[in-house]
Amino acid sequence: MSGIVVRRSGPLSGAVAISGAKNSVLKLMAATALAEGRYVLHNVPHIIDVDCMSDLLRSMGMTVERSGDHDLTIDRPAEIVPEAPYELVERMRASIVVLGPLLARIGRARVALPGGDDFGPRPIDMHLKGLEQLGASFEFAHGYIEARADRLTGANIVLEYPSVGATENALMAAVLAKGHTVIDNAAREPEIADLASFLNRMGAQVIGAGSSTIRVEGVDDLSAVEHTVIPDRIEAATFLAAVGVAGGEISLTGARADHMDMLIEKLAEMVMRVSPTTDGLWALAPERLHAVDVATLPYPGIATDYKPLFVALLSVAEGVGIVTENIFAGRFRYVDELIRMGADIRTDAHHVVVRGRTQLSGAPVRAPDIRAGAALVVAGLRADGETEVHGAEHIDRGYEDFVGKLAALGADVTRES
Ligand code: EPU
């Protein structure tokens, strides 16, 4: 287990480059199962989850190699093994998104059932229902899904909830299905639009991605392409939270304001200034922000991934804020860690009430997941003494050189192995 040690810092200043989006690149990598050939992805972040997905593609028989600074080359041979073994799905839940492309292209797949995680139960019923509507059938044995489909056929899929993963699985299956598919109540995240533009470049016919209704006209074949991954809005939000906690003025090169509208509005209510620049975002935060209430919602609402960052921001803001979680019932585990740092937080079902303090008190804490881990580091920027965040490998799953980038902004933060 490795840790990150952070001491009270600020005001922050300078610029950092925002990496490619984790939650986009993982799905683009899965989509390469759809067609033979050589793919080149640009702006691929150096994060553990990309290594996990690379291992999964390799286990299927593909060649995956990094080149240059942030390029990833994937060679998908004519034949691949349509299987996602337990060891890899267990390391990374997002592996479930190979199900749609494998079914569409090969007509069968054997994928380990992902379990719950630190957010609580993580069902995949909507993924399966969407694929069933396209003609797939499933059997469950020994912890695996055995999926089959002769040839998928277009269908009208209405998702019960705009699940990101279920939308992606249905979309990647529909591109090779026979006929027309409509995915209604689809997730609208920018990462879905990025996946659709990748698929269209491969020869798919997808319109409406990024809205609630996605229409797909199935095609017979697709081909390998080159694509640049969109910037990671959650990473950008993390640095905005850092400057919000520590104060200062920073620039985020490559970040896209149009992917973060609601977040920027919320931060403005907290009296932080965030504006688009020609190549990213600029942010100016006063010594102390004002408290606001926040509720997580599917995109374009405030992302559940931003929530730990808001709780950290409110812990040291002026006033009282209520944060309501509407996406993942159990996503509050880091709250106890913030309380150990002196934060005044009360939890009531899926709400937390945060009463801001002028500063926190550095303590040893544990990162329970990627975003909560990053939020604990951010909170440490306004804690006296030393905050040791253990379990930094969670942070490495989704952040490229988090410590190096924070340090470049003037934060007093170091990595301990
Ligand atoms: N859900 C179901 N049934 C399903 C699918 C989802 O009940 O079949 C429920 C989930 O339990 C949850 C809600 O629907 O309560 C939303 O889940 P969704 O499917 O939208 O999330 P996901 O695809 O599993 C992605 C991101 C998460 C992010 C969520 C929500 C990836 C790899 N993961 O997960 O990101 O929090 O969307 O925006 O894209 C992270 O990056 O750290 C992360 C956890």
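**Cavities and cores in a predicted model**

Me: What makes up the lining of the second largest cavity?
Reply: Ala 237, Leu 240, Ala 241, Leu 263, Leu 267, Tyr 306, Leu 309, Phe 310 and Leu 313 line that cavity in this predicted model. Helix H8 (233-246), helix H9 (261-269) and helix H10 (307-315) each give two or more residues to the lining.

Me: How do you know what class of residue lines the second largest cavity?
Reply: Ala, Leu, Tyr and Phe all count as nonpolar. By class, the lining holds nine nonpolar residues, no polar and no charged ones.

Me: Why is the space of about 40 Å³ called a cavity?
Reply: A cavity is a set of points where a 1.4 Å probe fits but cannot get out. The second largest cavity holds about 40 Å³ of such space. The volume cut-off for the count is 30 Å³ or more, and two cavities come out of that count.

Me: What makes up the lining of the largest cavity?
Reply: Met 126, Lys 129, Gly 130, Gln 133, Ile 157, Val 158, Leu 159 and Glu 160 line the largest cavity. Helix H5 (125-133) and strand E10 (156-158) are the elements that give two or more residues to this lining. H5 gives the most, with four residues.

Me: How do you know the classes in the lining of the largest cavity?
Reply: Lys and Glu count as charged, and Gly is among the polar. The lining divides into four nonpolar, two polar and two charged residues.

Me: What makes residues of H5 buried?
Reply: Buried means under 20% relative accessible area. In H5, Met 126, His 127, Leu 128, Gly 130 and Leu 131 are buried. The buried residues of H5 pack against helix H4 (99-106), strand E8 (137-141), strand E9 (144-148), E10 and helix H6 (164-174). Gly 135 follows H5, with a positive phi near 110 degrees.

Me: Why is the set of 79 residues called a nonpolar core?
Reply: Its members are buried nonpolar residues joined through side-chain atoms within 4.5 Å, so the set qualifies as a core. It is the largest nonpolar core, with 79 residues. Those with the most contacts inside it are Leu 34, Leu 99, Leu 171 and Leu 199.

Me: How do you know what Leu 171 touches?
Reply: Contact means heavy atoms within 4.5 Å. Leaving out residues up to four places away in sequence, Leu 171 touches Ile 183, Ile 192, Leu 195, Ala 196, Leu 199, Val 206, Ile 214 and Val 216. A second, separate core has 77 residues, including Leu 12, Ala 285, Val 354 and Ala 367.

Technical notes: Residues are numbered from 1 along each chain as its sequence is written. This is a predicted model: local features need pLDDT of at least 70, side-chain atom pairs count only at pLDDT 80 or more; totals for chains, interfaces and linings use all residues. Side-chain values use heavy atoms; hydrogens and water are left out. On a 1 Å grid over the protein atoms alone, a cavity is a set of points where a 1.4 Å probe fits but cannot get out, and a pocket is an open set with protein on both sides within 12 Å along at least five of seven lines; lining residues have an atom within 4 Å of a point. Grid points are joined across faces, edges and corners, and a volume is the space filled by probe spheres set on the points. Buried means under 20% relative accessible area, exposed over 50%, partly exposed in between (1.4 Å probe, protein chains only).
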